[in-house]
Amino acid sequence: TMAHLTENPADKERFICVYPVYINSKKTLAEGRRIPTEKAVENPSCAEIRDVLTAAGMNVYVENKMHPREWNRDVQFRGRVRVQLKQTDGSLCQDKFRSRKDVMFYVAEMIPKLKTRTQKSGGSDSSAQQGDGGKKSKKKKK
């Protein structure tokens with residue numbers, strides 16, 4: 001077995017998987033969405049998930065793998081993101097990311113704030129739907 005390889009949380013095989021479908025507001029739970037629609041994002045891409053987590057200081061890489069329930073072969077929907085949650089010694093890389101759920105909620109909150117997103121929508125709707133989480137992100141670096 002390969003068990004001896006995978007006990008180290010810093011090994012790539014141990015990184016958690018995040019598929020864009022998990023946080024896609026256009027998907028149903030049956031199609032693979034994992035968080036509530038109101039917290040989810042419209043058609044997020046792997047690149048957006050990667051950018052948000054890289055900006056947060058996480059160790060991330062993208063694989064060219066499809067979600068089993070993703071019928072759309074379009075490149076926009078392709079790929080999954082692998083994220084390192086723990087260091088070699090088992091401690092968390094970042095306290096705010098304790099589980100895949102933490103990562104999913106964070107990414108879904110941050111993607112709408114990406115410059116690529118705010119430009120597309122003209123920035124009008126993004127300010128309206130921001131709840132109390134909107135204040136602390138204002139100082140994000142350019």
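Two strands count as paired if DSSP finds at least two bridges between them. Strands (E, at least two residues) and helices (H or I, at least four residues) are DSSP runs, numbered from the N terminus. In this structure, Ile16 has Val83 in strand 3 as its bridge partner. The model is predicted, so that local features need pLDDT of at least 70 and side-chain atom pairs count only at pLDDT 80 or more, while totals for chains, interfaces and linings use all residues. Residues are numbered from 1 along each chain as its sequence is written, and side-chain values use heavy atoms, with hydrogens and water left out.

The sheet comes next. Strand 1 and strand 3 (residues 80-83) run antiparallel and are joined by 3 bridges. The open sheet is formed by 3 strands in the order 1-3-2, with antiparallel pairing. Strand 1 (16-18) and strand 2 (60-63) are the edge strands, each pairing on one side only. From one strand to the next, the twist averages 30°. Helix 3 (residues 100-110) lies across strand 1 and strand 3, at about 30° to strand 1. Here contact means heavy atoms within 4.5 Å; axes are lines fitted to C-alpha atoms, for helices over the stretch in contact, and angles run from 0 to 180 degrees between N-to-C directions.

The loop between strand 1 and helix 2 contains Asn43. Most residues other than glycine have a negative phi. Asn43 is not a glycine, yet has a positive phi of about 40°. Asn43 counts as partly exposed because its relative accessibility is 24%; buried means under 20% relative accessible area, exposed over 50%, and partly exposed in between (1.4 Å probe, protein chains only).

Helix 2 (residues 46-55) has Cys46, Glu48, Ile49, Val52 and Leu53 as its buried residues. Seen down the helix axis, these buried residues fall within an arc of 165°, so they line one face of helix 2. The arc is that of the directions from the helix axis to the C-beta atoms. Just after helix 2, Gly57 takes a positive phi of about 90°.

Some side chains involve rings. The structure holds 3 aromatic pairs, among them Phe97 with Tyr106, which is edge-to-face at 5.0 Å centre to centre and 80° between the planes. Rings of Phe, Tyr and Trp (its six-membered ring) pair if their centres lie within 6.5 Å; planes under 30 degrees apart count as stacked, over 60 as edge-to-face and the rest as tilted. Both Phe97 and Tyr106 are buried.
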